[in-house]
Amino acid sequence: MVNIALIGCTGNIGRQVAEVVRRHPQLFSFSALVCGRDAEGLRALCDEFRPRIAFCGENGAGEGVFEGCDVAFIAASGFAGLAYTLQAINCGKKVALANKESLVVGGELVMRAAKEKGVEIVPVDSEHSAIFQALGFRRGAKFKKIVLTASGGPFLHCTAEQLARVTAKEALNHPTWKMGAKVTVDSATLLNKGYEVIEAKWLYNADFGQIEAVVHPESIVHSLVYFEDGAALAQLGYPDMRVPIQLALTYPERLPCAPDLDLAALGSLHFERLPAEKFPCFALATEAGKAGGTTPAVLNGAAEEAVRAFLRGRIAFPRIAETIREVLGRIPRAEASSFGAIAEADRAARAEANLILYGH
Ligand code: MG
């Protein structure tokens, strides 16, 4: 029996983790269920799964929630996930990581702590799970380059004029994946793909020059690894997060989960260049990743505030990227040597973003 401490249990990923556990009650159980806000949703999950520990609150539950678990499943969204990831590592727990911000803002800290504690970090993001699979579940395996696939989001072929007028409702209508609101908007701006480049850098110890992104609108090929001899390995499947979620809990074993691909019914798959010039968030993220230190934390803090303003109908879509760029220009880089330094950069970025967005 694998005991799971699930952080972010009421969110989109958290609910799919619960589905996997529901399907295999003889293999998995929850030792702890934790959420940020949805007390009602938490209560329903507790009634069903009877965890020893339940917690709802935005200020963090502390390390106690990882007591007695075999796997810390970090599915919280946003900056809030980082503290939990670091706590789980500190407790020596294996981490199934669905919170991409943990690596985007705290990659250096997280990977160093994991190494010191001998803790495994298992990727759950579909692209990074695909890479993990293509590498035979060996994160340290040699490769030439990584190619991340991107659906391109709902606005892939919009003109600049059209992008200036798109609404939050349109941004939330993702063509292939059903996800939470923040990551869906991040997919529409391609900020998400920039985040995934940074994630790949930390997870697979890659140089930024070894990581590329290509648009693949059908979301069937979930990413590829290229090797020295010209061979490339990919993982394919219908877009269904339950596959990487379940695999993070069972690998190298596999259990039934999703329907087989029907290739003839799919017909053809398409690939095209990533239109980075039209979606400046992608380059903002990868440049912040290259700058390192607290720069990605500033980028993320600004992005979380700007996306919130866009979802509330307060700013136009292109203002998301502009706000991030302005905040990055105002806050100098510092070393990301501690959680405190990263949290301070996050706080400063949000304050600066709110000044730009609302004038206070
Ligand atoms: Mg992804």
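Guide: Buried means under 20% relative accessible area, exposed means over 50%, and partly exposed lies in between (1.4 Å probe, protein chains only). This is a predicted model, in which local features need pLDDT of at least 70, side-chain atom pairs count only at pLDDT 80 or more, and totals for chains, interfaces and linings use all residues. Residues are numbered from 1 along each chain as its sequence is written, and side-chain values use heavy atoms, with hydrogens and water left out. Helices (H or I, at least four residues) and strands (E, at least two) are DSSP runs, numbered from the N terminus.

Visitor: Which residues are the protein donors of the magnesium ion?

Guide: Donors are N, O and S atoms within 2.8 Å of the metal (3.2 Å for Na, K and Ca); water is not among the atoms, so sites may look incomplete. The donors here follow the spacing D-x1-E-x68-E along the chain. Lying 2.1 to 2.2 Å from the ion, they are Asp125 (OD), Glu127 (OE) and Glu196 (OE).

Visitor: How many residues apart are aspartate 125 and glutamate 196?

Guide: This pair links distant parts of the chain. Aspartate 125 sits in the loop between strand E6 (121-123) and H5, while glutamate 196 is in helix H9 (residues 191-203). They are 71 residues apart.

Visitor: Which element gives the most to the lining of the second largest pocket?

Guide: A pocket is an open set of points on a 1 Å grid over the protein atoms alone, where a 1.4 Å probe fits, with protein on both sides within 12 Å along at least five of seven lines; lining residues have an atom within 4 Å of a point. This one has a volume of about 430 Å³, the space filled by probe spheres set on points joined across faces, edges and corners. Helix H5 (126-134), strand E10 (232-236) and helix H10 (242-250) each give two or more lining residues. With five residues, the most comes from H10.

Visitor: Why is H10 largely enclosed by the rest of the structure?

Guide: Look at its residues: Pro244, Ile245, Gln246, Leu247, Ala248, Leu249 and Thr250 are the buried ones. H10 is largely enclosed because the buried share of its residues is seven of nine.

Visitor: What is the strand order of the open sheet of five strands?

Guide: Two strands pair if DSSP finds at least two bridges between them. E7 (residues 145-150) and E9 (residues 221-226) run antiparallel, joined by three bridges, whereas E7 and E8 (residues 211-215) run parallel, joined by five. At the edges, E10 and E11 (272-273) each pair on one side only. With its mixed pairing, the sheet has the order E10-E9-E7-E8-E11.

Visitor: Which residue is the bridge partner of isoleucine 146 in E9?

Guide: Isoleucine 146 also has a partner in E8, isoleucine 211. Next along, valine 147 has leucine 224 as its partner in E9. For isoleucine 146, the E9 partner is valine 225.

Visitor: Which residues is threonine 286 in contact with, leaving aside its neighbours within four places in sequence?

Guide: Threonine 286 is in helix H12 (residues 280-291). Its relative accessibility is 9%, so it counts as buried. Contact means heavy atoms within 4.5 Å. With those neighbours left aside, its contacts are Gly194, Val197 and Phe208.
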